[in-house]
Amino acid sequence: MKSTAQNQTYTRPMAFRIPIKGQQQLASNWLLFLGLILSIYMLTLQPVMAHGEKNLEPYVRMRTIQWYDVQWSKQKFNVNDEVTVTGKFHVAEDWPISVPKPDAAFLNISTPGPVLIRTERYLNGKPYMNSVALQPGGDYDFKVVLKGRLPGHYHIHPFFNLRDAGQVMGPGAWLDIAGNEADFTNNVQTINGEMVNMETYGLGNGIFWHSFWALLGTAWLLWWVRRPLFIARYRMLQAGLENELVTPLDRNIGKAILIGVPVLVFAFYTMTVNKYPKAIPLQASLDQILPLSAQVNAGVVDVETLRAEYRIPERAMKLSLKIKNGSDKPIQIGEFATGSVRFLNKAVPVPEQSNTESVVAPEGLSLDNPAPIQPGEQRTVSMTASDALWESERLDGLINDADSRIGGLVFFFDPEGERYVSSITAAVIPKFN
Amino acid sequence: MSANLSTRTFRPYTGEKARIARAYDYLVLVLALFLFIGSFHLHFALTVGDWDFWVDWKDRQWWPAVTPLIGITFPAAVQAVLWTNFRLPLGATLCVACLSIGTWIARIFAYHLWNYFPINMVLPSTMLPSALVLDVVLMLSNSLTVTAIFGGSAFALLFYPSNWPIFGMFHVPVEAGNSQLTVADMFGFQYIRTGMPEYLRIIERGTLRTYGQVAAPLSAFFSALLCTLMYTLWWHIGKWFATTRYLKRI
């Protein structure tokens, strides 16, 4: 006999009931709403164009690899054509304490996959293939030769992978590769003199061996799967019929596999060893290339940074610099570059970097005393680099960094266009009003 | 079910019962196929990772040590289930075949068609010979201990020689940039990997090469030792995860 409580049926009050028709209406409204959201989302989709240029903390971008004079040989070319990117960089003396020293660094190219291949790479005129150790305070020039592989419109940067630090991007450029993907060729000559096509080398051989073993593996699986499997075998096993589950024929085939497979493996291995007797291990050395003679801080113009203030409302970095002109000509500050952003003094003609997308503030640099610094003169100059780029390039995050020191390159020019470059560094004091 | 079965009273399923049991076989097989393609491939990609992805990571020390060690995990667990409950000696081959399917799908669609790498640069390794031997050692020995020691060791020792026919030709030397490289190294240099600088390669590091300059066999034996332990561990994980409690009413 059921209890009274069990006999009672709970009835939801009318106020909380939604009629079937109303439920359908509600569901269709929700679907309409979700469809609308999805449509808006789809309509506003845009291709991603970034490579993490602003990803690293400002102090890493400013005080590790300081790029300048980056140029591309051309920006429109065909599949199989070569394009060269050249440039220079200074490895900051004031290397951040939290970033491991550049004992292993890799000059790379940011691409959306291998749409280009890298055929040659030089550091200070020396070809090199692996990673390299850089010296803080050192000056280097580089050249990377690339070859068009896949047609398209690509935004490409040279950049450095720094071990345990990240990617420090150099100035980028848009490259247009025309032509037909199928025309791409990439042949490499081995030491034996054999010419190999890198696009297909070893592919057929690899597919053959995978297929060979897959055939044997499939045969083994089918040998068992053709019989009743789980429930039937479980019942037999529980009934003590284990010997019927693995027959003598199964055992004989197993013995054949146990002997045959290792014999085949070592036979094929020996054949391959004999076919490629000069095979060598993968190469994993670290290249050692000495810096150039000093290009930055070359001893002609000495700069000491006395103070650096970042004025947040004005988005301006004000630097107090004690400058001594050791050259025999008057010099002027034409540019301040930091974190791949260039602040130019409009009063001084600065050579263009024609085809790189340097992030430039063309009138971003001003001086309290614009008069040229005479030969032998020592002067304290207040230099202000101001532009919204501090914010849009996310360099103003420096004031929130654990290591809020700035680093950058100051470019001086004499009347004949001779250039002197100094690396500066200082702790940054924020000014909030 | 099991308590009531005996050799004397056992009657095999016939008619509709047999058909349903067979349909159940196929259902489980299809599900297992997708399960192992997904899970073993994911497990393998997250652990062996670059050593299996790239031709210029397949060295003499780490690749033959790490790959079998991780590769024996799922086979051991699945063998524990299939052998203990069904006397099916195909767990290792099934897992490795599923891994191969998943790997080839990823290499073609993700690496080649999506990211433009030539497939020969991302050829996967094979463990099918090792898996076949592991399965038959279990079948013939019917022993966890014997399979762990001899099957696990064979699984590791066969790995390098069974892959050399695929990858040996990528170790032919090339002169480039005033240095000697392998063809495999040239792939790494030429085909740009933005997020994979050369120094990230964990290759040819360690002291195994110092024993008579024969790194690969030493690495394989080192892996063999670890595989015996890894096999046992994952066998018990497989047993722990698997249960037949829901079959009691059949």
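## Overall make-up of chain B

In this predicted model, buried residues account for 54% of the 250 residues of chain B. The C-alpha atoms of chain B occupy a box of roughly 80 × 40 × 25 Å along the principal axes, and, among the contacts in chain B with a separation of 6 or more, 70% are made by residues 24 or more positions apart.

## Helix 1 of chain B

Helix 1 of chain B covers residues 15-47, a run of 33 residues, and its end C-alpha atoms are 47 Å apart, which is close to the 48 Å expected at 1.5 Å a residue. Just after this helix, G49(B) adopts a positive phi of about 55°.

The buried residues in helix 1 of chain B are A21(B), F36(B), F40(B), H41(B) and F44(B). An α-helix has 3.6 residues a turn, so residues three or four places apart point the same way. The partners of the buried residues come from both chains: they pack against helix 5 (230-238) of chain A, and within chain B against helix 2 (50-53), helix 3 (63-71), helix 4 (73-86) and helix 5 (91-114).

## Transmembrane annotation in chain A

For chain A, an unreviewed UniProt entry places the feature "transmembrane region" at residues 30-49, 207-225 and 253-271. In the model, residues 207-225 of chain A are 100% helix and 0% strand, with 25 Å between the end C-alpha atoms. Residues 253-271 of chain A are likewise 100% helix and 0% strand, and here the end C-alpha atoms lie 26 Å apart.

## The two domains of chain A

Chain A is divided into domain 1, residues 58-184, and domain 2, residues 301-431. The centres of these two domains of chain A, taken over C-alpha atoms, are separated by 25 Å, and 25 residues of domain 1 are in contact with 24 residues of domain 2.

On the side of domain 1 of chain A that touches domain 2 of chain A, helix 3 (58-62) and strand 1 (65-72) of chain A each supply at least two residues, and strand 1 of chain A gives the largest share, with seven residues. Sorted by class, this side of domain 1 of chain A has 13 nonpolar, seven polar and five charged residues.

Note on methods:
Residues are numbered from 1 along each chain as its sequence is written. Chains are lettered from A and ligands numbered from 1 in the order in which they are written. This is a predicted model: local features need pLDDT of at least 70, side-chain atom pairs count only at pLDDT 80 or more; totals for chains, interfaces and linings use all residues. UniProt positions are given in the numbering used here, feature names are shortened, and annotations may be inferred rather than shown by experiment. Helices (H or I, at least four residues) and strands (E, at least two) are DSSP runs, numbered from the N terminus. A residue is buried if 20 or more other C-beta atoms lie within 10 Å of its own, exposed if 12 or fewer, and partly exposed in between; C-beta atoms are placed from the backbone. Two residues are in contact if their C-beta atoms, placed from the backbone, lie within 7 Å. Domain bounds come from an automatic or database domain assignment. Ala, Val, Leu, Ile, Met, Phe, Trp, Tyr, Cys and Pro count as nonpolar, Asp, Glu, Lys and Arg as charged, and the others, Gly among them, as polar. The expected span of a helix is 1.5 Å times one less than its number of residues.
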